[in-house]
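Thanks for coming. I have one structure to show today, and I will keep to a single site in it.

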Amino acid sequence: MTAQARGLSRRLMLSRSAAVVGASSAGLLLPEIVRAQGNKLKVGFMLPYTGTFAQLGVAIENGVRMAIAEKGGKLGGREIEWVKVDDESEPSKGVENANKLVQRDKVDVLIGTVHSGVQMGIQRVARESGVLNIIPNAGVHAATRALCAPNVFRTSFTNSQPTSALGKPMMDKGLKRAVWITWKYAAGDEAFEGFKHSYTKAGGTIVKELGLPFPNVEFQALLTEIASLKPDAVACFFAGAGAAKFMRDYAAAGLQGKIPLYGSGFLTEGVLQAAGPAAEGVMTTMHYADSLDTPRNNAFRTAYAGQFKMQPDVYAVQGYDAGQLLMRGLDAVKGDIGNKAALYKAMETAVIDSPRGKWTMSRAHNPVQDMYLRVVEKGDNKVLGIAGKAVADSAAGCKLG
Ligand code: PHB
């Protein structure tokens, strides 16, 4: 029996016992769907709660919960039971951890994850089990390209989306020779693809690609190499605690203000306090910016800060939109998660009114969204303008839609 079938028979069993009670007390037999809604919907978080991406996991969970709580705390009229697994950003445990939620806990929905390598494990489990998976961060191309699936939806980005808008603003500043540096795993490698394409297309030359294994933060030797290469600019992908350390080390090596530092916006998300003055002047491209002055973003930021006593960042926004998307789907089927055709249709056609601006789903289930050029100014990601309008991933190899 598939996990889906098991979930269904479990629901039927539970609803049948509820129906017996209902029938004996009210003398009625309720329709199956109404009885099924009496059960809680089980939502599993598979996120990093330890390690360099720990704060990203917390921001995502906060965002999901906030979106649902704002609308009464239910999904399609059903109460929610939450379960959590710390995936530690450890790819070798990806399948095992996803199965803790899908096989052991029998979740109806799996929300996760942050790390691209771990997502590959979730992707396998989601494709095999048919359980609904919402990706609130991990940008791995395959998830919405060759390995796309009807039951997998992403509310964040593909790894090359932010950097596909990075090359031109650098060339507009006359920065013609750049060094690229990143963690060597899918997220860094695919971010490089976007950067290489946009920068070389605008006429730039990449003089050197540097890398170190995730989540290593021994940047010293690489920064010494950058100093000796004397490029016009440095571009990079780093995130979480490692990103804060990279900016601090960059400044400590005497490179801040001398060689302009650019990156995909994760570099400066959720880490501005930890990086301190070392982050000032760093320029990035991203599908969100703290300072977006819209009523939607301002209301979101005020509510989030009030509720969680911390400032929201792009991860909180992606989690918030995962909550909104889930709500949209389950409201459309009145909580009947087994009604997959209608559920997926509602999620595919949703226009998400996000703090980042409104966005839609591509046919491969990835956001089509604007990219903003930002600069860190006085500890804030200040928006300078739109660097890419309605940026869509190629969806290469995806057979959906
Ligand atoms: C990823 O591994 O896909 C990843 C992780 C952290 C980010 C962005 C992408 O901030």
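I will go through the cavity, then the ligand, then the domains.

A word on the source before that: this is a predicted model.

The structure holds one cavity of 30 Å³ or more. The space in the largest cavity comes to about 90 Å³. Its lining is made up of 16 residues, and those closest to the centre of the cavity are Val-114, Asn-137, Phe-157, Tyr-185 and Phe-237. By class, that lining has 11 nonpolar residues, five polar ones and no charged ones.

Now the ligand. Where does the ligand sit? The ligand is in the largest cavity. There are 16 residues around the ligand, and the ones that come nearest are Ser-116, Gly-139, Tyr-185, Ala-239 and Tyr-315. The shell around the ligand contains 11 nonpolar and five polar residues, with no charged residue.

In Ser-116, a side-chain N or O atom is 2.6 Å from an oxygen atom of the ligand. Tyr-185 places a polar side-chain atom 2.6 Å from a ligand oxygen. For Tyr-315, the distance from a side-chain N or O atom to an oxygen of the ligand is 2.7 Å. As for cover, the ligand taken alone exposes 280 Å², and the protein buries 100% of that.

Last, the domains. The lining of the largest cavity takes at least three residues from domain 2 (39-157 + 291-367) and at least three from domain 3 (163-286). Why is the ligand said to lie between the domains? Because domain 2 and domain 3 both give residues to the shell around the ligand.

Terms used
Residues are numbered from 1 along each chain as its sequence is written. This is a predicted model: local features need pLDDT of at least 70, side-chain atom pairs count only at pLDDT 80 or more; totals for chains, interfaces and linings use all residues. Side-chain values use heavy atoms; hydrogens and water are left out. A residue is near a molecule or strand if one of its heavy atoms lies within 4 Å of it. A polar contact is a pair of N or O atoms within 3.5 Å; within protein, one must be able to donate a hydrogen and the other to accept it, and residues adjacent in sequence count only if both atoms are side-chain atoms. Accessible areas come from the Shrake-Rupley method with a 1.4 Å probe; for residues, only the protein chains shown count as cover. On a 1 Å grid over the protein atoms alone, a cavity is a set of points where a 1.4 Å probe fits but cannot get out, and a pocket is an open set with protein on both sides within 12 Å along at least five of seven lines; lining residues have an atom within 4 Å of a point. A molecule sits in a cavity or pocket if more than half of its atoms lie within 2 Å of its grid points. Ala, Val, Leu, Ile, Met, Phe, Trp, Tyr, Cys and Pro count as nonpolar, Asp, Glu, Lys and Arg as charged, and the others, Gly among them, as polar. Domain bounds come from an automatic or database domain assignment. Grid points are joined across faces, edges and corners, and a volume is the space filled by probe spheres set on the points.
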